[in-house]
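Subject: Structure for your review

Dear colleague,

Please find the structure below, with its sequence.

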Amino acid sequence: MNCLRLATLVVTLLSPNVGLSAVTADPEATADTKALLDYFYSLMDNTTGHVLTGQTIWRDMVVGSGPYMWSLLNDTIAATGKRPAIYAPISTSYSDPQARQTILDHWNAGGLIKLSIFLGNEPEKAGWYGHAPLTNGELDALMVDPRYMQLMDDFAANVLQYQAQGVVFIARLFPEANGNWNWYSVPDQARFVQLWKQFQARMRTKGVHNLIYLFCPADEVGNYLYGYPGDAFVDLTGLDSYQSLTTNLPTIAGYTTVQPKHKPMIIGEYGFFRLDAPITYQHRDAKWIVPGLKASMPDIVGIVNWTTPYNITSMNTPTDYMLDPYVVNAPVPWSGAPPPADATPPSRVIGVQVSGVTSTSVTVTHAGAIDNIDVLSYRYEICTESSCTDFGLWTTSTGSQLSTTLPNLTADTTYRLRVNAQDTAGNPGPYSSTVNFTTASVITPSRGTPASDDFTNADQDPLSLGGT
C-alpha cells in the first residue's frame, strides 16, 4: 500500500463523519427531502456555518395558557437583524391562516420548518384513555383504533398540502418518549417501535414523502435510546435540553449515548433554565452556547429555542449569538432551497400623457417601466378634483401594454391620474408624476328654429291640421 492511500485510510478511520450515508428513512422521499438531509450531513464537517438557529412558536410557558406567541419569529428578526434558520410552530394546520402563512412565508424566505408530532395528544384525553402514558395493552388497542387511524390520515392530508408547495418538514416524531409524561411512552419499548414504524408506513401509503424523521429524547431522565427504531427508520437524532448559561454550555446528558449513531443531531427544545426550578433569568447569557457546542458537541447541527420565556430574544446578547460565524440563519444555503425572493420593484413610470378625452373616457399612454425580472402589469389610479389625494385603482393593463383607456368616467369632472408598475413577484413600483384632465361636458341636442311657416303649428296635433 502506498503512502498516499495509507494516509487516506488513516484520515477516514479517524474522522467518524467521513463517508456517512444520508439515506432517507422514507425510500420514496422527494428529491428536496433527500437534498436537505444531505445538507444536514454536510454541516457535521463544517468549521463555520455549523449550527442552525431555531425558534419555537407556542404559548407563554410562565403563564401556561393564552394565545400563540406568533410574534417571536419577527421579534428575533427585529432585535438581531437575522431570521432564525428553523421555525418550529406547534400549530401547523393548513386551514389556520396564521399557521399556514407563517410557515409558507418562512419557507419562501429560505428557512426550514420543524414539526413536533404528538397527534394532538388525543389518546390521553377524556373519551380516549384519559391518562399518560398508556399501558402496553392500551397502545395495542390504539394502533387498530379507527379514531387513531383518522388522526394519522388527517395529519397526512394537512402535510400533503404543504408538500404540494415544495415544503420539506423536520418531523420530530413522538418526542421525549423516554419520559413518563406522553401517551406513547409505554413500558414495553418494542411496542413504541411498532408505533413509530406504523406512522411512517401510514404516511408513505398516503403519499407523504416530505418528512425528515428526528428521534429526540429528553436529556433529564436517562434511557436515551428508549424506543430507538433502528438506523433505517431515523434521519436525525437529537435531545431536548434545558441548561443554565453561566459558563460554556456543558455536554448535554445523553449526548455521548446518542452521538454514536453518527447522525446529525438537533437540540429539539432548548431553554436556559427549568420552569420547575426557581427562574434565574440572569443565567441566560447566549455567549456560552457556541463555545460549549464547539468544545464538546460537534455533531449538533441545530438548536431550536423553546417558546417564551426561553426564546432567542429573552437571552442576553442574542445579536452576538445570531451573528456568530458558527451559526447558520435563514436563508439556509442548501441545494433545494427556494430561490431568493425577488424584492426589487420596477422603475418609476414616466411620460404619462392623456388624449382622446370624451365625457366618459380617456386614453392614457406612457413609457414602459424597467424591472430586474419582468413587469406583470400597470395600475391606473384616479381621484376627483385637481389636488385630491384619495386615489383608487380604476383599471389595469398587462406589462406589455403601454396604452389603455379609462372607461366609465363622469362628464364634466376633473380627475387626477397616477400610474405605477407591478412585477411578477408582486412588488409595486413608485408612482408616476400626476396628470390632471377634465372630461368633456355632455351636449344636449336642441330642436332648432323652424325653416318655414309650413311648420308654424308643428306643436299641434297633426290630426287637427285639415285640408280641403
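Contact is used here for heavy atoms within 4.5 Å. This is a predicted model, in which local features need pLDDT of at least 70 and side-chain atom pairs count only at pLDDT 80 or more, while totals for chains, interfaces and linings use all residues. Residues are numbered from 1 along each chain as its sequence is written, and side-chain values use heavy atoms, with hydrogens and water left out.

Overall composition

The chain has ten helices and 17 strands; these are DSSP runs numbered from the N terminus, with helices being H or I of at least four residues and strands E of at least two. Of its 468 residues, 47% are buried, where buried means under 20% relative accessible area, exposed over 50% and partly exposed in between, with a 1.4 Å probe and protein chains only. Among contacts with a separation of 6 or more, 71% are between residues 24 or more positions apart.

Nonpolar cores

A nonpolar core is a set of buried Ala, Val, Leu, Ile, Met, Phe, Trp, Tyr and Cys residues joined through side-chain atoms within 4.5 Å. The largest one here has 75 residues, and those touching the most other members are Phe40, Leu52, Tyr148, Phe174, Phe199 and Leu211. Helix H6 (residues 146–163) supplies the largest share of this core, namely eight residues. Another core, of 25 residues, lies apart from it and includes Leu249, Leu293, Tyr326 and Val327. In soluble globular proteins, nonpolar side chains tend to be buried together.

Which residues does Leu52 touch, not counting those up to four places away in sequence? They are Tyr39, Phe40, Leu43, Ala85, Ile86, Leu112, Val301, Gly302, Ile303, Val328 and Val332.

Packing of H6 and H7

Helix H6 packs with helix H7 (residues 189–205) at an angle of about 50 degrees, and their axes are 10 Å apart. The axes are lines fitted to C-alpha atoms, for helices over the stretch in contact, and angles run from 0 to 180 degrees between N-to-C directions. H6 and H7 are therefore oblique to each other, since angles under 35 degrees count as roughly parallel, over 145 as roughly antiparallel, 65 to 115 as roughly perpendicular and the rest as oblique. From H6, Tyr148, Met149, Met152, Asp153, Phe155 and Ala156 meet Leu195, Gln198, Phe199, Arg202 and Met203 of H7.

Loop residues

Lys261 is in the loop between helix H8 (255–258) and strand E8 (265–271), and is partly exposed because its relative accessibility is 28%. Beyond its neighbours within four places in sequence, Lys261 contacts Leu225, Tyr228, Asp231 and Thr237. Lys261 and Thr237 are 24 residues apart in sequence, and their C-alpha atoms are 8.0 Å apart.

Backbone geometry

Most residues other than glycine have a negative phi, and most peptide bonds are trans. The following places in the model deserve mention.

- The bond from Ala132 to Pro133 is cis, with omega near -5 degrees; Pro133 is in the loop between strand E4 (112–117) and helix H5 (136–142).
- The bond from Thr308 to Pro309 is also cis, with omega near 15 degrees.
- Asn121, which is not a glycine, has a positive phi near 55 degrees and lies in the loop between E4 and H5.
- Glu385 has a positive phi of about 85 degrees and counts as exposed because its relative accessibility is 53%.

Yours sincerely
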